[in-house]
2 protein chains.
Amino acid sequence: MRSLLLERAAHMLRTRAPVTLRTLVAGTGVSTMAVYTYFGGMDGLWRALRQEGFSRLTAGLAAVGPTADAVRDLAALGAAYLVNAVESPDLYRIMFDAGFDLEDPGAADETLHSLVRTVERATADGRFAAGTDPLELATQSWAIGHGLASLVTSGPLPPAALAHGVPMLTALFTAAGDEPGRCRDSVARGWAGLRTAAP
Amino acid sequence: MRSLLLERAAHMLRTRAPVTLRTLVAGTGVSTMAVYTYFGGMDGLWRALRQEGFSRLTAGLAAVGPTADAVRDLAALGAAYLVNAVESPDLYRIMFDAGFDLEDPGAADETLHSLVRTVERATADGRFAAGTDPLELATQSWAIGHGLASLVTSGPLPPAALAHGVPMLTALFTAAGDEPGRCRDSVARGWAGLRTAAP
DNA sequence: CACTATACATAACAGTGCTATGTATAGTGC
DNA sequence: GCACTATACATAGCACTGTTATGTATAGTG
């Protein structure tokens, strides 16, 4: 029942149907109280959806198999991040919407950690300068990805603006010590995985 | 009356008091209908608040007087942008919250335009490569600013993370053709205006 | 001075999340 | 097998939300 409600909520989110306590349980044959036994209220449902969103994101990032080129992998992670955000924008909005704030700090940690590991690999491979702080560079990559994803899903920028990720990440990685030409090539190859799902 | 309601709503937003139709008019001696005559409903109030937010942001950016160093000014614009977002996070959230989407496209245009003009100035001064697309670089700077502002005001990153703006903008501007050492210096000087208001 | 439009007030309506209270079922100790 | 208890719901109602239908007083206008 719990997962049924979660799936239904996710589906209503995708179809842009308003997700309210009563519209959620309508059709399931179950009453409004079920939401309280399983989630403790609507806030609990949103939290569960948020975790679901991060789980889906983590899975999407994990699908970016590590290759010999760690810089390519970093760009591929960025592309996968954007694809995830654009394909389910409502879920993405919930994930980064304040209001629940500080309820489960570190929900996004796994996302950041996969970036950190890849930066470390790139540094170990000699692509970035020896003194590079992995967390710092990973955070900056994340900020770029989130900035683009947020501006596109919120409306101000058209979906085509996602392409800015290529020069931005290239600039960031080059500044971290990677050789410009090789960096551009790696990022372009990693970015090739970006495909916006046709409606 | 209209501006009284707007100011009151902005104040309630600042003090984190829930802004509802009835709490808004309570104490003003006026009834709920006033909101409908002036704003056409709560959605209209949010739209007005959003415009208020953009006006305040535009004013904040305009206060960054142009100096002889256009790259410094670009960084100063970024810092001013972040200060504005962090000082009134709720207003910032409303500005970039979807839901009203596409109601007034181009509300953020003035924000972007001030960046575009400064990029053009920097290019004319020979700081950026001749072929630099001003809109492109301005958009990328915006994405960095918004990414940091959003992640900080939403919770995942601590306020100290705003400092990432310096290396990120430096990397971006250097990639655009500016000389690394001089760029770092300009950005640092422009960033010096960033002061988080003490609570 | 009649007429009309504006600017509200009053009251009610449907919808929201939530809770208090009931009930049926499943598990558990004896 | 049987009382006992906890779980998993259902039913009904509460306080609150935004919205609207209707009234009314005032200001402007021919």
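**Reading the model**

Biologist: Leaving aside neighbours within four places in sequence, which residues is B:Asp73 in contact with?

Modeller: A contact means heavy atoms within 4.5 Å. By that criterion, and leaving aside neighbours within four places in sequence, B:Asp73 is in contact with B:Val64, B:Gly65, B:Pro66 and B:Thr67, and also with B:Thr118 and B:Arg121. Please bear in mind that this is a predicted model, in which local features need pLDDT of at least 70 and side-chain atom pairs count only at pLDDT 80 or more, while totals for chains, interfaces and linings use all residues. Residues are numbered from 1 along each chain as its sequence is written, chains are lettered from A and ligands numbered from 1 in the order in which they are written, and side-chain values use heavy atoms, with hydrogens and water left out.

Biologist: Is B:Asp73 buried or exposed, and in which helix does it lie?

Modeller: Burial is a matter of relative accessible area: under 20% is buried, over 50% is exposed and anything in between is partly exposed, with a 1.4 Å probe and protein chains only. B:Asp73 counts as buried because its relative accessible area is 2%, and its place is helix 5 of chain B, residues 70-87. Helices here are DSSP runs (H or I, at least four residues), strands are likewise DSSP runs (E, at least two), and both are numbered from the N terminus. For another aspartate, B:Asp185 in helix 10 (residues 180-191) of chain B, the relative accessible area is 45%, so this residue is partly exposed. The C-alpha atom of B:Asp185 is separated by 9.0 Å from that of B:Thr170, 15 residues apart along the chain.

Biologist: How many helices and strands does chain A have?

Modeller: Chain A has 10 helices and zero strands, which gives the pattern α-α-α-α-α-α-α-α-α-α when read along the sequence. Its C-alpha trace spans about 60 × 30 × 25 Å along the principal axes, and buried residues make up 52% of its 199 residues. Of the contacts in chain A between residues at least 6 apart in sequence, 65% join residues at least 24 apart.

Biologist: Which residues does A:Leu49 touch, not counting those up to four places away in sequence?

Modeller: A:Leu49, in helix 4 (residues 42-62) of chain A, is buried because its relative accessible area is 0%. With that exclusion, A:Leu49 touches A:Leu6, A:Ala9, A:Ala10, A:Leu13 and A:Leu91. A separation of 8.1 Å lies between the C-alpha atoms of A:Leu49 and A:Met95, which are 46 residues apart along the chain.

Biologist: Which backbone oxygen lies 2.8 Å from a polar atom of the side chain of B:Ser114?

Modeller: That oxygen belongs to B:Thr111. B:Ser114 sits in helix 7 (residues 109-124) of chain B and is buried because its relative accessible area is 9%. Beyond neighbours within four places in sequence, B:Ser114 is in contact with B:Leu61 and B:Leu77.

Biologist: How many residues of chain B are in contact with chain A, and how much area is buried between the two?

Modeller: Buried area is the accessible area (1.4 Å probe) that two parts lose on being put together, summed over both. Here 26 residues of chain B are in contact with 26 residues of chain A, and the area buried between the chains is about 2,300 Å², of which carbon and sulfur atoms give 74%. On the chain B side, B:Leu151, B:His164 and B:Met168 lose the most area to chain A, together 19% of what that side buries.

Note on methods:
Polar contact = N/O pair within 3.5 Å; in protein donor to acceptor, adjacent residues only side chain to side chain.
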